[in-house]
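Please open the structure in your viewer and follow the stops below in order. Each stop says what to select and what is found there.

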Amino acid sequence: MLTRQGMYLPEFEHDNCGAGFICSLKGVKSNNIIHKALQILEKLEHRGAVNADGKTGDGAGILIDIPHDFFVKNCEFNLPKEQAYAVSNVFLPKRENQRKFCIEIFEKHITEQGLDVIGWRDVPVDESVLGKIAALTQPFIKQIFIGKSNTILDDFQFNLKLFIARKKTEHEINSSKISEMAFFYLPSLSTKIIIYKGLLIPEDIKLFYKDLTDPLFVTRLALVHQRFSTNTFPTWDLAQPFRYMCHNGEINTLRGNVSRTLSRQELMKSDWFGDEIKSIFPIILPGKSDSAQMDMLVELLLMTGRSLPEVMMILVPEAWEKNPYMPEAKKAFYEYNSCIMEPWDGPASIPFTDGNYIGAVLDRNGLRPSRYSVTKDGFVIMSSETGVIEIDPKNVASHGRLEPGKMFLVDMNQGRIINDKEIKDEIVSRHPYKKWLEKSLVHLADIPPKKGPIEHQEDPLEKRQIVFGYTQEDLGIIIQPMSQLGKEPIGSMGNDSPIAILSEKPQLIYNYFKQLFAQVTNPPLDGIREELITDISLTLGSDTNIFKINEDQCKKLKIQNPVISKHDLDKIKNYTQNPDFVVTTIAMLYEVDKGLNELERTLIDLVKQASKAIDQGGNIIILSDRGVSKKMAPIPALLACSFVNHELYKIGKRARASLIIESAEPREVHHFALLFGFGASAVNPYIVNEIVSKQVKEQEILGFDYLEAINNYNKAVGLGILKVMNKIGISTLNSYRGSQLFECIGLNTKIVNQYFPNTVTRIQGIGLREIEREICKRHTSAYNTDTIDGSLHLDFGGQYKWRRSGEKHAFNPLTVAKLQESVRSNKHSTFKEYSDLVNGQSKKLMTIRGLFEFANFDPIPLEEVEPWTKIVKRFKTGAMSYGSISKEAHENLAIAMNRIGGKSNSGEGGEDQSRFYKDSNGDWKNSAIKQVASGRFGVTSNYLTNATEIQIKMAQGAKPGEGGQLPGSKVNPDIAKTRNSTPYVGLISPPPHHDIYSIEDLSQLIYDLKSANRNARINVKLVSEVGVGTVAAGVAKAKGDVILISGHDGGTGATPLTSMKHAGLPWELGLAEAQQTLVLNNLRNRVVLECDGQLKTGRDVAIACLLGAEEFGFATAPLVASGCVMMRVCHLNTCPVGIATQNPELRKKFKGKPEHVVNFMYFVAQELREIMAQLGFRTVDEMVGQVQKLNRNKTIDFYKSNGLDLSPVLHQVSVPEGTKVFNTEAQDHDLEKSLDFKIIRQAHPALFRKEKTVIASKITNRDRAFGAILSNEISKIYGAQGLPDNTLKINFTGSAGQSFGAFATKGLTLVINGNANDYLGKGLSGAKLVVKVPDSSTLIPDKNVIIGNVALYGATSGEVYINGKAGERFCVRNSGGVAVVEGIGDHGCEYMTGGRAVILGEVGRNFGAGMSGGIAYVYNAYDTFNINCNKKGLNIEGVKLTDDISELKSLVENHYKATLSPLAKRILGNWKIHLPKFIKVLPEEYKQALLRLANENLVE
Amino acid sequence: MGKTIGFLEYKRVDEGIKKVEHRLKNYNEFTVPLEEKKLKEQGARCMDCGIPFCHSGCPLGNFIPDFNDKVYKGRWKEAAQILHATNNFPEFTGRLCPAPCEEACVLGINEDPVTIENIEKNIVEIAFKEGWIHANPPEKRTTKKVAVIGSGPAGLAAAQQLNRAGHKVTVFERDAKVGGLLRYGIPDFKLEKNIIDRRLAILEAEGIQFKTNAHVGKNVSIETIKAGFDAILLSGGASQRRGIPIKGNHLKGVHQAMDFLKMSNQYVDGLLKMDSILSAKDKNVIVIGGGDTGSDCIGTSNRQGAKLVTNFEILSKPSQGRPANQPWPYWPMRLKTTSSHKEGVARHFSISTKEFLGDKNGNLKGLKTIEVEWIFKEGERPQLKEIPNTEKQWDCDLALLALGFVGAEKTLAEQFGLELDYRTNIKATTKDYTTNVAGVFTAGDMRRGQSLIVWAISEGRQAAHHIDTYLMGRSNLPLKDNNDLPRV
């Protein structure tokens, strides 16, 4: 494993995977099952990855029944009868002496437990199949056989002893300091199952482990797994499966889960373990992967006597909180267990087994595909894709899929599949959970309030506001709108202010933390449209012994929204009726005159007080900064909260109490998110309560009394926190709490280790001394400064809008004025003034690059540097959609960039086809880069075909991890046309790409897009954050051609202020990390690295280049060149210079010209050339990554920034000589094997002569994205028009791979006899797709899951007929496709904006969420529709209008014609009876839009 | 903040002015304020820009969007607070400022800018009317004494700030009344003198001492000042007038505009009788100099009943619109037509006076001019070139020289031993406003040369901060940043 160096941190490696199992229902053991299981992995090879050595996989393995007969035959010792002994592979050190050492320890502990070591067997392996990396870390592998000895132990007790023996051994060896201790590892230790795994690619497992091919080596079940790691430093022990489970996905909340589990250790007591219990701690070993750590907890919970399915329900609960239809008993079970354990949250599909049961669970979001098939001859096969094992259609008993929150279980002993309801009904009825809850769980809402004033007896609000650093902006821009509207305020145009460490203004400690967000390796979520899976309630009180299952566990106080008012807090403080809750308040104040030492001392004292309170039975601790005075200053609440949280962990008391923060400090969502993220269970922002109350009194807030207004504010914070959680893919606050999903920027290691342990901080910065200094500064200005009459009470702030003496902004009156003047007058001297201003001000602490200076000059004549015309080809303008900016502004940028051979970016909005052709004057409005973002607006085959580069926007600098929304009012008919949507219907960009929930999904989308245009480079846009380097490595392995690292500061468009300021990092850090990681992995040569984010001058570009970038993006600056004056009202449609507006009157005011943008690019290139000449670079290629040409500028002296250590950014990684540091070669996309080419060879008459042609072909799950290349060829010739309908028809048999029919264009009819995987009809562009059960099948189509998840994502036109059920998110963001299907999963028709969906069967939960256009007809035969529909904004009515009836009927008829669906036949056969069962779902917005269009006579 | 689409809904409306025939009848201000509803609408036109260029364009750094928003919402009191946070005397600037803020207004890029100045005036007037502006003497006094020499806007602003910091401030004024150019240079029709008095009463009530007829260096000795005060601020203005070194400039009837205006103001104030002042009544008046002072002479002459008023400007006639080389948001040199111009004057540009002609009694009877043109060369100062054969002779009884000022008067500089800069202003930088003599500071026109009232107030405020720091080691008095928009 690589150690940390430079910006690279190994803990940020991610993995995603392919997983599956196969078992024999009849319990027939065979060796063939192993072969088939491994075949599953081979068929999923495209979901895995191979490292730079071309041989080492990221790890794979297989779990099987213990093959007793095989061992009897192959062991040189006698074995007891089956299941009376345990066996495991043991990974041991390579060196014999150390091996012996480990074996002795292990045997000692086995004997201590009264067990017998029966014997050891050497595992025969073939080392020749290993790759270089795998061979280096290969352990010596032996097998141990352990008997029960003579005592009569039941199976549970035997396993308990094995567990204790193993744990003790692990702990002893781990603390032994032998050099090869990391080799020691037991994949399993069980009487039932055994695991064979390693750093292998699937096809090599059976070659390496020779046992596996022995005919006696038989099993009833086999669980298999292979990893796709973003990075290339895997280890043997992290290969999966683990002892009880394997995992496809990612546990985002890991940090919180692990620390809370550790804290609960203190409370653990068990008769079974007795005194031994301490010896098994820590339960969770540090430094393992999320899956490995979860497995360790699973194991512990099994030792508490809970069954494996129950444990899975506790760790991965379904979304019960907001489900009114869930049976009470089950809900009670979940609520009860939520008091014991927070969800291990994150996208997860978890196959598990203990040898008796084999099954899988899917988390509440259902973001990983899990398909299963049951065969008539008694096998169950489950895997990420269908079709991985070829089954004769006649042999298929059923096909199914795992649904969100559901469990799929096979009881191996009973030989049957147990459905979700049956398993869970049994589990939830074991204890009277509901009764326990009613008796013991207290709801804050149920405690009667006491009325009282909002103010305490304290110093005047005005003074305290200053102590806590309030500004006018806090009051006017943050608090007032939140209290008035109950929503977080939004802003535009990104952030051009310095990060906290570089700001000369005193900063609250919160500002030194940045929120982490999901990109690529896991998806962000949409808590608005998918509200039902979210929850922000928390419980307060002491945890209890996890081994006990009794009512004590739920003696807790539950708060629905833990952002509480002063009145709520009073309720808690005064809640004395219930002896279960003992509340202690501790003051977070210190004597300010005594300075730093006193602050440190007080912090320690806080912990002592808390600890004492706990010893005395306290279980709710309030940390309060009430009582600020001339003498006492507040301790930053976050500092106190985190410190007390961690110290209580350290002394083992954390689980016994909850922390409430009563503080004047928190006011923004970010503050609250941090407090919860570092351990708080409730927060009362009391000064905000007072401010709100004052604003109500002064009529700044209208229409609410102060309690309502405070409630609005609390609600807004709650929603904001939800968004922060969702950003990193977390659904519940219970698991977000304590998970520390932040990175520090500008805090030194000392303070972080002391007060915020386990938080990343990479460039050092200030410590407690400087923080104390800032507290003191604020305190002094409040208490020791006479107020001057006539001066304003509070500072303006200037964070959000520029003010003199406020926070600095890189774009300010002078820089804007100079830039505009220079590009309009084309005066180089004026540009020089501008760039001196920008570079100069940035050197005065504006940006990180400002702290650098060029070094190691080696001057050459300017003429020898490559010409500007060549350099500007590397320049790009930012992704701004037509829609976010006006047509004029959008085209202006495109023309300018085309004139100089640079690239403009379409943004997420499609593009009018007329722009694909040059104007008569030679200008070209075609955007070279076409963006593909989560909304997929206007992404068609023809759009992609006309791209030079296709950009996948994974995240956006201004608001990483969030979606967007274009309100209906902005979607005028022109915009609607380019976006292939309906005018006046609002358009939502979901937070995630619904076809990218993981790295292997991204790899798939890259494959899809590359297929859609082989000549275009695929660009993946990432936002700078810690770990972006490993993500970039993953993207390189996923075959992205260009990786864009965006700074946190860029971006137009609307974004919550929290995201604008507090998510993402400056590009300097992300770029350096990406460059270093890519070079370390020897992947840099395969990709182009691009950088953007407030690049403004040639100096900026030069620094980006030296840090590793070779292409450069500009957005704000070219807009300013075009006339933007940083109004920051892009979200209001009122841009007074005609840029970010669709108002025709305002658009007339656009005065930008292409030459302005050209001039800007020219000036920047010239400045770059001057720097290149100084440094001695003739070409940009020579310059890329040459960090030795940069130094920290020593002359900048500022007390805060002096502690910064930028050497990690300037770190030069040590790699073998000749390792390339810039792009030298193209990715091998492996398209030549595509099935499309085979078909194209046969389809000439259709393609070139438009002759009707029919072709038959087989298809397998490895044939992915069929139709994309074919459609690209058609688009090249015929443009958007495509071919006449049904020109080329292809009949497939088999299971189609992912993205079947992606971007398939007009004239194609693609029919599958069989089934298909995820993303069917993605971006469908006019083709007709049919999926039907094979003729020979006995399946009942409308009961059969025939296609996977996310079908028709972003479809713009075409028809789809599905003769069976589909998975989740059917028709997501469909804007024009017409689809008929016989049943769908959750979140159907989500974000749909146009087209038709006819669902002839059941719909899953949350149907129609965010649906703003199009019509869905649902055949509601089962009466489940009402329960499952998310009715917000939808009209639900019968199908009564004549037009509707005839439309519906003809669609059902078409379906029947295409598929011969028996269901369609039944319905049509008795149309009159069935018609009333149909429901028409018509979004209100769509209805209004149609009316408006009718009025405007735009509708025929 | 603000009304997001106010600028789309409402057009710019300036306050009304009375008709020429009415306003010429007296020296009173002649504006007609907008009703409150209209004022709020004007406030609503403010777009609350992400970068408020106005705020940068204002030498005081007025929080323009912030008070505009309060006006839009009718929260006048808060507006007045915000306004006074940066401006001691908005009633002066609200009337007299040429409003560089409006030239920098973002709305001004392609629409009429927000009526910032008028909003400012109305805020302060309403605040006075409501009694919100009243004396606020400092709670604590220091032991320090400061002398402010010169009672123009710079001196007054500094005095108020220093007094707020608790120092004992004495203002010395050589004339009989306090106010400097505000009182004696600006005609009443632009600033009625009760406006000054209203503010002075407050300053006095706050504890500032005013000594009038106290000409430091003449009837008050430098030594007294030095001995009696811990710090001294020189804010005596740039009162050295520019003359015209041509034949006949000694003739009777050739006068400095400032003398003419001062007498007229004293007359309006009741201090002088009509017959004892220099009057334009029934005269052919030629005002030489096309600036604000020239304009004031025109307005005054017309009120005094001049027969004919003519105005010469040596520079060429500026364009109506913004010149291309002075783009937004910079202050442009463009043709300014004041209310006085509209009251009757013939304006001539590119014209140079060559000679004054007199009768044998030494009375001015006419003057000779020639047309000129300006030659611009990159990197050089523009050259003035006379155009041959364009000489012209004019009848004239009264020539008023409104040619600007050339720096501070020498008295103070000489007696304090102060260094001057190359433009004969007293040398001090905006870094700390201190002269070469410790404890002696200077601000306003005396330091920067002739300029705007808004700059004078601004400098007075800054200097006060530095004097306070000089006295106390630190200062809580607000300090402006250096984010002023430059001139191009």
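**The interface between the chains**

Begin by displaying chain A and chain B together: about 3600 Å² of area is buried between them, and carbon and sulfur atoms give 58% of this area. The model is a predicted one. Next, select the residues in contact, which number 37 in chain A and 50 in chain B.

The rule finds 6 salt bridges across the interface of chain A and chain B. For one example, select B:Arg75 and A:Glu700, whose side chains form a salt bridge at 3.5 Å, N to O.

**A sheet in chain B**

Turn to chain B, where 5 strands make up an open, parallel sheet in the order β5-β4-β3-β6-β16. Its edges are β5 (209-211) and β16 (440-442) of chain B, each of which pairs on one side only. On average, neighbouring strands of the sheet are turned by 20° against each other, direction ignored.

Select β4 (residues 168-172) of chain B, which pairs with β5(B) in the parallel sense over 3 bridges. Within this pair, B:Val171 lies opposite B:Phe210 of β5(B).

Finally, select helix α19 (residues 453-472) of chain B, which packs on the sheet and touches β3 (145-149), β6 (231-234) and β16 of chain B. The direction of helix α19 makes about 165° with that of β6(B).

Conventions:
Residues numbered from 1 in each chain as written. Chains lettered and ligands numbered in written order. Predicted model: local features only at pLDDT ≥ 70, side-chain atom pairs only at ≥ 80, totals over all residues. Heavy atoms only, no water. Contact = heavy atoms within 4.5 Å. Buried area = accessible area lost by both parts, 1.4 Å probe. Salt bridge = Lys/Arg side-chain N within 4 Å of Asp/Glu carboxyl O. Pairing = 2+ DSSP bridges. Helix = DSSP H or I, 4+ residues; strand = E, 2+ residues; numbered from the N terminus. Axes fitted to C-alpha atoms, helices over the stretch in contact; angles between N-to-C directions.
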